[in-house]
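Good morning, colleagues, and thank you for coming.

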Amino acid sequence: MTIDSHHHFWRYCSTEYAWLDDSMRTIRRDFLPQRLGSEIAAVAFRAFQPRRLMFGSVWPVCLVACDYMRWRRIVSAWAAEFSPDEKTCILGATASKAYHL
């Protein structure tokens, strides 16, 4: 079984998202890589382990938050705590295996 789990980044704008009332106040904030990095990494790495994670981007949507190379550096920094083999999995080997590349 393959589960696609990804995160959408966005910059909160009170005029654009005026429909977000007080019941949704927890999401009335920016959800950008630099603010969510440690939250995302901690949950993902605990839940799935490095051999079941793969680097990705929702190009060109990711460019709203940061450029592609910066995003890759952020993910690489998250993966730095793992062994070289585990980091290789996250940054490419898992995707190659999953997509038969």
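Predicted model: local features only at pLDDT ≥ 70, side-chain atom pairs only at ≥ 80, totals over all residues.

I shall begin with the largest nonpolar core, which has 16 residues. Within this core, the residues with the most contacts are Phe9, Phe45, Leu53, Trp71, Val75, Trp78 and Ile90. By a nonpolar core I mean a set of buried Ala, Val, Leu, Ile, Met, Phe, Trp, Tyr and Cys residues joined through side-chain atoms within 4.5 Å. Buried means under 20% relative accessible area, exposed means over 50%, and partly exposed lies in between, with a 1.4 Å probe and protein chains only. Helices H1 and H2 each supply at least two residues of this core, and the largest share, 5 residues, comes from H2. As general background, nonpolar side chains in soluble globular proteins tend to be buried together.

Residues are numbered from 1 along each chain as its sequence is written, and side-chain values use heavy atoms, with hydrogens and water left out.

The pLDDT is the predictor's confidence in each residue, from 0 to 100. The protein averages a pLDDT of 79, and 81% of the residues score at least 70.

Let me turn to the overall arrangement. The protein has 3 helices and 0 strands, and along the sequence the pattern reads α-α-α. Helices (H or I, at least four residues) and strands (E, at least two) are DSSP runs, numbered from the N terminus. Of the 101 residues, 30% count as buried. Among contacts between residues at least 6 apart in sequence, 50% join residues at least 24 apart, where contact means heavy atoms within 4.5 Å.

Next, helix H2. Which of its residues are buried? They are Trp71, Ile74, Val75, Ser76, Trp78 and Ala79. The helix covers residues 68-79, and its 12 residues should span 16 Å at 1.5 Å a residue; the end C-alpha atoms are 17 Å apart, which agrees. The expected span is 1.5 Å times one less than the number of residues. At the start of H2, a side-chain oxygen of Asp67 comes to within 3.1 Å of the backbone nitrogen of Met69.

Ser76, in helix H2, counts as buried because its relative accessibility is 15%. Apart from neighbours within four places in sequence, Ser76 is in contact with Lys87 and Leu91.

I come now to Ile90, one of the core residues with the most contacts. Leaving aside neighbours within four places in sequence, Ile90 contacts Phe45, Pro50, Leu53, Met54, Phe55, Val75, Ala79 and Phe82.

Thr94 lies in helix H3, residues 84-98. With a relative accessibility of 12%, Thr94 counts as buried. Not counting residues up to four places away in sequence, Thr94 touches Pro50, Arg51, Arg52, Leu53, Met54 and Cys89.

My next topic is the aromatic rings. A pair of aromatic rings is described by the distance of the centres and the angle of the planes. Rings of Phe, Tyr and Trp (its six-membered ring) pair if their centres lie within 6.5 Å; planes under 30 degrees apart count as stacked, over 60 as edge-to-face and the rest as tilted. How many aromatic pairs does the structure hold? There are 2. Tyr12 and Tyr17 form a stacked pair, 6.2 Å centre to centre with 20 degrees between the planes. The ring centres of Tyr17 and Trp19 are 6.3 Å apart and their planes stand at 70 degrees, so this pair is edge-to-face. Tyr12, Tyr17 and Trp19 form one aromatic cluster.

Finally, two residues outside the helices. Ser23 is in the segment before H1 and is exposed, at 63% relative accessibility. Its side chain makes a polar contact with the side chain of Asp21, at 2.5 Å. A polar contact is a pair of N or O atoms within 3.5 Å; within protein, one must be able to donate a hydrogen and the other to accept it, and residues adjacent in sequence count only if both atoms are side-chain atoms. His100 is in the segment after H3 and is exposed, at 73% relative accessibility. The phi of His100 is near 55 degrees, a positive value in a residue other than glycine.
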